[in-house]
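Open the model in your viewer and keep the sequence beside it. This tour tells you what to select at each stop.

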Amino acid sequence: MQDVFMLFSPPATLAAAVVAGILGLLIGSFLNVVIHRVPVMMQREVDSVCACERDEPEPHPERYNLVVPRSACPHCGHQITALENIPIISWLVLRGKCSSCKAPISARYPAIEALSALLSAGLVWHFGSGWAGMATLVFGWLLIAMTFIDLDTQLLPDDLTYPLLWLGLLVNVKGLFVPLQDAVLGAAAGYMALWTVYWVFKLVRGKEGMGYGDFKLLAALGAWMGWQMLPAIILLSSVVGAVVGIAIIIASRMGFDHKIPFGPYLAGAGLAALFFGQQITSLLYGPALT
C-alpha cells in the first residue's frame, strides 16, 4: 500500500476538513433523494418494460428522476421549500414535522446528512484536499447511498455499483491508491470471490444466499484498494454480518422477521480498509505482508 493509507499525521488543515464537512451536509441532503428515488426509478423502469412487452400504455408517463418532481410531503403533498430543505437545521426548526400537515418526518434524513458531513470531514482530514481526498469523498458518498438503499430494498443498484467500480480503476491509472495492475486484479478477484460463494451456497442449500450486487460492490472495493485488501474486507464484513445475523436470528425466534443485506457490511468494511488498510493488514498477516 502507498503512503495514502498512513493513519497518523493528517495532511489536511482543520479549515479544509470543516469545508468538507459543510459540503458533506449538502451532499447528504442530496443522498436522501438518491436513497429514496433510485429504487422507485428502477421499479418504474421495470413497469415500463413489462407494459411495453404486453403492448400496454406507458404506466408512468410523468417525469420522475433525481431532479423532478420537487420533493414533497408524502402525506399531504406539500412541496418542500428552500428554507425547509436546509440540512439538519430545517428538521430541528420544524421539530421533525411537516410544516403543513404536521406529519412526522423521519429522523433518518438529518442522520444521513450528519453521517455524510462527518465522513466527508474525516476523509479530507485523513487524505488531504488533493486528488486523493476528493476521490475518497465520492467513494464515501456512493457507499452511504448504497448502504441505505440495500437496507431498504435488499438491492444494490447497478447505477451506483458500476460507477464506483470504474472510478476505482480510473483513479488508479496513475497509482493514486494502488498500482493499476493490483486494482484490475482486485476488481476481478472481488467479483469472483463472492460469485464462487454464491454458487457453492446455491448448490449446497438450493437457494440464493446473496445478490449479484454484492459481487459488484466487492469488485468495486477491490478496484479502489487492490487485491491485497480483499481478504481483510471480506473478514471484517463477515464478522460484523455474523454478529448482526445472530441477533436477527434470535429476534426472528421471538416473532420478528428481517432479511439480512450484506451490502452495508461490505461498505463498512471497505471504509475501515480505506482508513486503516496498512494497520489492518499488519494486524492480520504481520508486517511482512503490508
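**Before you start.** This is a predicted model: local features need pLDDT of at least 70, side-chain atom pairs count only at pLDDT 80 or more, and totals for chains, interfaces and linings use all residues. Residues are numbered from 1 along each chain as its sequence is written, and side-chain values use heavy atoms, with hydrogens and water left out.

**Stop 1: the whole chain.** Colour by secondary structure. You will find nine helices and zero strands. Here helices (H or I, at least four residues) and strands (E, at least two) are DSSP runs, numbered from the N terminus. The chain exposes about 16000 Å², an area from the Shrake-Rupley method with a 1.4 Å probe; for residues, only the protein chains shown count as cover. Carbon and sulfur atoms supply 69% of that area. Of the 290 residues, 40% are buried. Buried means under 20% relative accessible area, exposed over 50%, and partly exposed in between (1.4 Å probe, protein chains only).

**Stop 2: the core.** Select Phe139, Leu164, Met225 and Ile233. In the largest nonpolar core, of 59 residues, these four touch the most other members. A nonpolar core is a set of buried Ala, Val, Leu, Ile, Met, Phe, Trp, Tyr and Cys residues joined through side-chain atoms within 4.5 Å. Which helix gives the most to this core? It is α4, with 12 residues.

Now centre on leucine 164. Beyond its neighbours within four places in sequence, leucine 164 is in contact (heavy atoms within 4.5 Å) with Phe139, Leu142, Leu143, Met146, Leu217, Ala220 and Trp224.

**Stop 3: threonine 147.** Stay in helix α4, residues 131-153, and pick threonine 147. Is threonine 147 buried or exposed? Threonine 147 counts as buried because its relative accessibility is 16%. Its side chain reaches the backbone oxygen of leucine 143 at 2.8 Å. Leaving aside neighbours within four places in sequence, threonine 147 is in contact with Pro264 and Ala267.

**Stop 4: charged pairs.** Side chains of opposite charge can pair when their charged atoms come close. A search of the whole structure finds four salt bridges. The term means a side-chain nitrogen of Lys or Arg within 4 Å of a carboxyl oxygen of Asp or Glu. Visit three pairs.

- Select arginine 44 and glutamate 62. Their side chains meet in a salt bridge (3.2 Å, N to O). Arginine 44 is in helix α1, and glutamate 62 is in the loop between α1 and α2. Arginine 44 is buried at 14%, whereas glutamate 62 is partly exposed at 44% relative accessibility.
- Move to aspartate 152 and arginine 108. The salt bridge here is 2.8 Å, N to O. It links helix α4 to helix α3, across 44 residues of sequence. Aspartate 152 is partly exposed at 43%, and arginine 108 is partly exposed at 31%.
- Finish with aspartate 158 and lysine 216. Their closest N and O atoms are 2.7 Å apart in a salt bridge. Aspartate 158 lies in helix α5 and lysine 216 in helix α7, so the pair ties together parts 58 residues apart in sequence. Aspartate 158 is partly exposed at 33%, but lysine 216 counts as buried at 13%.

Notes
Polar contact = N/O pair within 3.5 Å; in protein donor to acceptor, adjacent residues only side chain to side chain.
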